[in-house]
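Subject: Structure for your review

Hello,

Please find the structure below, followed by notes on what was found in it.

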Amino acid sequence: MDERESAAWLGLTAVTQLLPAVLDAQLQRDAGMTHFEFTVLTALRLAPSSTLRMTALAGSTNATLPRLSHVCSRLEKRGLIERRSSSVDRRTTNVRLRSAGRRELILATPGHIETARRIVIDALTPEQLEVLTQISTTIRHNLAGTERWGPPNAPQHDES
């Protein structure tokens, strides 16, 4: 890599290492949840009927099934989600956001947005935000082909 490429690469890796820790710390302090738990609850809230197949939820949260299963066990114990076998295909598991999970997510969202604004959004000009969107879209597209769980797709859901 030349000097410019190295600076870009090192800057990106620093951000990818530091940002998750900041988001986790804020959410743990203010809402008692990790950033990944917040991401899972958000994906469910945005899904039709607040329900997704486990495999679709893994894809939409960029998680492996074992990691997601572990986190879902914690969220289920706290009464925030529920898991059920699909009425359409008993081999699949559906995850549904419960009303308590929706409440926790709604309470956690303002602090999370404030942190995202302070750390990223408000620190950039509108032009920089546009470039960041283009860059992150390009990199995410390139990553999609390398993920074990496949490219991000439209979430699959089941109305059961």
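Two terms come first. A residue is called buried under 20% relative accessible area, exposed over 50%, and partly exposed in between, with a 1.4 Å probe and protein chains only. Helices (H or I, at least four residues) and strands (E, at least two) are DSSP runs, numbered from the N terminus.

On provenance: this is a predicted model, in which local features need pLDDT of at least 70 and side-chain atom pairs count only at pLDDT 80 or more, while totals for chains, interfaces and linings use all residues. Residues are numbered from 1 along each chain as its sequence is written, and side-chain values use heavy atoms, with hydrogens and water left out.

Overall layout

The protein has six helices and three strands. Read from the N terminus, the elements follow the order α-α-β-α-α-β-β-α-α. Along the principal axes, the C-alpha atoms fill a box of roughly 55 × 35 × 25 Å. Of the 160 residues, 29% are buried.

Helix 2

Helix 2 covers residues 35-46. The expected span of a helix is 1.5 Å times one less than its number of residues. For the twelve residues of helix 2 that gives 16 Å, and the end C-alpha atoms are 16 Å apart, so the two values agree. Its buried residues are Phe-36, Glu-37, Phe-38, Val-40, Leu-41, Ala-43 and Leu-44.

Ala-63 is in the loop between helix 3 and helix 4 and is buried, at 1% relative accessibility.

The sheet

Two strands count as paired if DSSP finds at least two bridges between them. The three strands form an open sheet in the order 1-3-2, with antiparallel pairing. Strand 1 (51-53) and strand 2 (81-85) are at the edges with a single partner strand each, so one side of each has no neighbour in the sheet. From one strand to the next the twist averages 25°; axes here are lines fitted to C-alpha atoms, for helices over the stretch in contact, and angles run from 0 to 180 degrees between N-to-C directions.

Strand 3 (residues 93-97) is joined to strand 1 by three bridges. Strand 2 and strand 3 are joined by five bridges, and Ile-81 has Leu-97 as its bridge partner.

Loops

Most residues other than glycine have a negative phi. Ser-50, not a glycine, has a positive phi of about 55°; Ser-50 is in the loop between helix 2 and strand 1 and is buried, with a relative accessible area of 8%. Asn-62 also has a positive phi of about 55° without being a glycine. Asn-62 is in the loop between helix 3 and helix 4, and is partly exposed at 35% relative accessible area.

Arg-78 belongs to the loop between helix 4 and strand 2 and is partly exposed, at 37%. Arg-78 and Ala-100 are 22 residues apart in sequence, and their C-alpha atoms are 8.9 Å apart.

The largest pocket

On a 1 Å grid over the protein atoms alone, a pocket is an open set of points with protein on both sides within 12 Å along at least five of seven lines, whereas in a cavity a 1.4 Å probe fits but cannot get out; lining residues have an atom within 4 Å of a point. Grid points are joined across faces, edges and corners, and a volume is the space filled by probe spheres set on the points.

The largest pocket has a volume of about 1,800 Å³. It is lined by 38 residues, of which Thr-16, Leu-19, Leu-23, His-35 and Ser-136 are the closest to its centre. Helix 1 (3-31) gives the largest share of the lining, eleven residues. Helix 1, helix 2, helix 3 (54-61), helix 4 (65-77), helix 5 (99-119) and helix 6 (126-144) each supply at least two.

By class, the lining has 22 nonpolar, eleven polar and five charged residues. Here Ala, Val, Leu, Ile, Met, Phe, Trp, Tyr, Cys and Pro count as nonpolar, Asp, Glu, Lys and Arg as charged, and the others, Gly among them, as polar.

Regards
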